[in-house]
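I opened this entry to keep track of what I looked up in the structure, step by step.

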Amino acid sequence: MRTPLTALAVVLVLAVGGPALASDAAQRAKPKPDLKITQVEVTGTTSLSVSVQLKNAGTRKAGSSTVALTVSRDATASSDDAVVGTVKAPKVKPRKKAELTATVQVPAPTVGTYYLIACADSTDKLKERKEGNNCRASAALTVSTVTVTGAATAGGSVTAATSAGVCSGATCTVPSGAATVTLTPVAAAGNSFAGWSGASCPGTTDTQKRRVITNPTATVACTATFAPSRAVTYNTGGAPASAVAATTTAGSCAVNGANTGGCTVPSGAATVTLTASSTSGGLAFNGWSGDAACTTTNATVTITNPTADLTCTAAYLPI
Ligand SMILES: [Ca+2]
Ligand SMILES: [Ca+2]
């Protein structure tokens, strides 16, 4: 009896291919984890609270891993996406989920539409059943912007800084409702800052005369007004300079010597108040003299909008 050739061939193939096929099958059947992101939720504008659901869809426990958070212009992860944070993920049993949270800062300026993408096992520490299903994007996020502009009259300039967004010169483009912009007046030599103005210039002026605009949601335009400096000087005769208190609504005041001080103010744009103590040591105040604007027997001299240098003298006489 003779074995048919075709049957022999089949037996040979089985004999040769059998162990290899069995090995492949064993490989396929070998339990492996399979991490995937099943949910990405985001709240916030520039500081984002991120909530990520990490699932192990595989057949073996996934060891601890890392989830990378990136910011992308589209919903597809790519190598040029900016990494804004990573989250350590715990071990996850098969068919179980882990909830991860993080707070990340969006790099400035991210305006318009973007996505927060979470990728499981970003360091590729784990051998998974599927490696291509690890990333998931949030819903589209939108950040609108507003501009804040600082302008200056002759005699000075303005610098600008912001907590988020970008400034070019004294114009800042910032995420709406999520930035603090600070405009700083810089007087040129011989000039003084007189004040801020503008029809749409919200905010407050701090002790350094800076305009601080918090969380603007509409266009802001502030103008810093400068004017040539005028000096209002006071003398106290024999009394110490501290016998007179000097204040101004614009510019600045200082003690300049043992018996003198004064204010440097923008011409025509400041009110200076000089108040003499009734006594100083063994001396008693006895009236103001000097320029006409100063002359009074009252302790307080108020000089409104001086446009020339003035000198006021407080007379102190022995008691
Ligand atoms: Ca996977
Ligand atoms: Ca992996």
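**Domains.** I began by noting that this is a predicted model, and then looked up how the chain is divided: domain 1 covers residues 35-143, domain 2 covers 145-227 and domain 3 covers 230-318. For domain 1 and domain 2 I took the centres over C-alpha atoms and found them separated by 38 Å. I then looked up the contacts between these two domains, and six residues of domain 1 are in contact with eight residues of domain 2. On the side of domain 1 that touches domain 2, I noted four nonpolar residues, two polar residues and no charged ones.

**Cores.** Next I turned to the largest nonpolar core, which has 48 residues, and asked which of them touch the most other members. They are Val181, Val244, Val272, Leu274 and Ala314. Strand β17, residues 220-235, gives the most to this core, with seven residues. I also noted where the core lies: domain 2 (145-227) and domain 3 (230-318) both give residues to it, so the core lies between them. Apart from it lies another core, of 27 residues, and I wrote down Leu48, Val50, Val106 and Cys119 as being among them. As background, nonpolar side chains in soluble globular proteins tend to be buried together.

I went back to Val244 and listed its contacts, leaving aside neighbours within four places in sequence: Tyr234, Thr236, Gly261, Leu274, Thr275, Ala276 and Ala314.

**Thr233.** I then looked at Thr233, which lies in strand β17.

**Annotation.** For residues 147-228 I noted 0% helix and 66% strand, with the end C-alpha atoms 30 Å apart. For residues 255-317 I noted 0% helix and 62% strand, with the end C-alpha atoms 21 Å apart.

Key. Residues numbered from 1 in each chain as written. Chains lettered and ligands numbered in written order. Predicted model: local features only at pLDDT ≥ 70, side-chain atom pairs only at ≥ 80, totals over all residues. Core = buried A, V, L, I, M, F, W, Y, C linked by C-beta atoms within 7 Å. Buried ≥ 20, exposed ≤ 12 C-beta atoms within 10 Å, placed from the backbone. Helix = DSSP H or I, 4+ residues; strand = E, 2+ residues; numbered from the N terminus. Domains from an automatic or database assignment. Contact = placed C-beta atoms within 7 Å. Nonpolar A, V, L, I, M, F, W, Y, C, P; charged D, E, K, R; others polar.
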